Amino acid sequence: MPEYKAPLRDISFVMNELLESEKLYQTLPGYEEATQDLLDAIVGEAAKFAEEVLSPLNQPGDEQGCQWSEEGVKTPDGFPAAYKQYVDNGWPSLSAEVEFGGQGMPNLMGIIVTELTGSANWSWGMYPGLSHGAIKTIEEHGDTEQKEKYLAKLIAGNWTGTMCLTEAQCGTDLGLLRTKAEPQADGSYAITGTKIFISAGEHDMADNIVHIVLARLPDAPEGTKGISLFIVPKFNLAEDGGVGERNAVHCASIEKKMGIKASATCVMNFDGARGFLIGEANRGMACMFTFMNTARLGTAIQGLAHGELSYQGALAYARDRLSMRSLTGPKNPEGPADPIIVHADVRRMLLTQKAFAEGSRAFLYYLAQLGDVMQAGSEEDAKKADDLMAFLTPIAKAFVTETGFESANLGMQVYGGHGFIREWGMEQIVRDARIAMLYEGTTGIQAMDLIGRKVLGSGGKLLMGFTEIVSEFCAENTSEEDAEFVTRLKDLIDEWLELSMTIGTAAMENPDAAGAAAVDYLMYSGYVTLGYFWARMAVLAREKIAQGDGDVSFYEAKLMTARFYFDRIMPRTRAHKKSMLTGPENLMDMPEAMFDF
Ligand SMILES: Cc1cc2nc3c(=O)[nH]c(=O)nc-3n(C[C@H](O)[C@H](O)[C@H](O)COP(=O)(O)OP(=O)(O)OC[C@H]3O[C@@H](n4cnc5c(N)ncnc54)[C@H](O)[C@@H]3O)c2cc1C
């Protein structure tokens, strides 16, 4: 397993130089303390924890996995101790609200800590990871009593949260869920049903587990309009608010799975467990969206995390491994052969990984900042940020996890046959990365959300909210030098709008046209979105080089990677465009029975 080193220079570049975080936070009430010095110090500490504590547990955790017994789930050796250290050092409360014991740091800090801990050890990060969504859901939809009872413990990390949506018969189509909630005389509900695939549903790291559960009331309408949301603690709360007697919710088993083996994926039985309604009855899906959006951004980070870790491993190997000679003559004449980093094809793989990791980092930190503006900005700015977030979330979730997986796979390829062998750890990264395209809504479902709800559903308004920002950037950067990126980006923005109209018109005649175009449209959108961030980084890097900034090699590398992205990755939009415009017939005309032949 590659030894993880936090990419601090790049994090600082994105956080401080590209996105000018300090400047933004000085304008957002409540975040004024978030100066560059403080943000850098937090990132530095989180990096140490990730490198020194979590990274060494990554490969052993995969080998050992979790163990289920009647008493509960035992996580791999070292996991509970690392969690205790995480809690003792105050990490869970970093960007939570001050009112319930949070430190009130910007959302961006939470995202960066998730990246660092997740790159070092994604499985471990799943345990605290699900708590963020539970906290946000209770903050936004819980009543005063619920906030007082649960938030402080969750924010401190003494308790963790889960998201209990999926059942055996439904994951995507939650309208089919069957778990029941019977009202009780004391105002609580008896929750009965079985949830599957529940991450961190049971473990030995925290004193209590707060399940956020979707269930149906007895008189509920069918489908998604009849779903309500409940808090179901593993241990009922004692009079003093601490842990009381056991609630009737148990982990029946854990899944054996392809990757993230140290993350317990649980079957959870609710046998009349005591639960409490969050928000209004039958409005559970609307409340759950708070959780799901938080979790979607969290999952997007998984794409970045695995892409980065795989790149680090591949780069070290490519410098070390000798094979044949460079086509332009020996580069290591004293040695028996040249290191494989001299070969164009190996560089193609490494630069693809680098371009995806750094581009995704800029994209996701930008989204985290939008989250901060949503929370603390003026009403007008918050609304704008909310619209941008709604539009960009499906792109971030699906595109960054697809390209993160591609990167993980390329990292394995750089190792040749050794990549397939367990001891190197590169195949673990591929296995671990694969789930990100499935959970929190598959790529196909994100694509339908993007084209259906976000683009066509808003009459193109949400898309234009973003393309206007990109167009403004293009209009502000018209120098001859920047044209190599900016002109191409401008053309793509125009084309993106045209394609959206074409598909929208086709979908009015035949609804399958939207579904048939969806994934190509999403990937196209992802390449263009990342192109915007690469163009911004290139323009900034050029400025820094012109200013004679001491760190010239760093900026030159940025510029070269931007060029690689535009020359070698961006052409993928041509294939996606062509494919999405072929219409639904080549998919839908074949009668189902003919799939047999
Ligand atoms: C390791 C792991 C951890 C998980 N953690 C959690 C958790 O903590 N909490 C939780 O509630 N769930 C969790 N899940 C469940 C996960 O979110 C679901 O598996 C996922 O959303 C997909 O649902 P499904 O498996 O039922 O697939 P299905 O919904 O059956 O989908 C099957 C295929 O059909 C496609 N499809 C379905 N409907 C459509 C449509 N309308 N249009 C186009 N294509 C469609 C999908 O894209 C997919 O390719 C986890 C799953 C795993 C494996």
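Ile 451, Val 455 and Leu 456 in H13 meet Ser 500, Ile 503, Gly 504 and Ala 507 in H15; contact means heavy atoms within 4.5 Å. By class, this contact of H13 with H15 has 5 nonpolar, 2 polar and no charged residues. Here Ala, Val, Leu, Ile, Met, Phe, Trp, Tyr, Cys and Pro count as nonpolar, Asp, Glu, Lys and Arg as charged, and the others, Gly among them, as polar. The model is predicted: local features need pLDDT of at least 70, side-chain atom pairs count only at pLDDT 80 or more, and totals for chains, interfaces and linings use all residues. Residues are numbered from 1 along each chain as its sequence is written, and side-chain values use heavy atoms, without hydrogens and water.

The axes of H13 and helix H15 (residues 483-509) come within 12 Å and cross at roughly 95°. Axes are lines fitted to C-alpha atoms, for helices over the stretch in contact, and angles run from 0 to 180 degrees between N-to-C directions. Helices (H or I, at least four residues) are DSSP runs, numbered from the N terminus. H13 and H15 are therefore roughly perpendicular, a term for angles of 65 to 115 degrees.

Helix H13 (residues 443-456) also crosses helix H16 (residues 512-546) at roughly 95°, with axes that come within 8 Å. H13 and H16 are therefore roughly perpendicular to each other. Residues of H13 in this contact include Thr 443, Met 448 and Ile 451; among their counterparts in H16 are Ala 514, Tyr 521 and Ser 525. The contact of H13 with H16 comprises 10 nonpolar, 5 polar and no charged residues.

Note on methods:
Helices (H or I, at least four residues) and strands (E, at least two) are DSSP runs, numbered from the N terminus. Angles under 35 degrees count as roughly parallel, over 145 as roughly antiparallel, 65 to 115 as roughly perpendicular and the rest as oblique.
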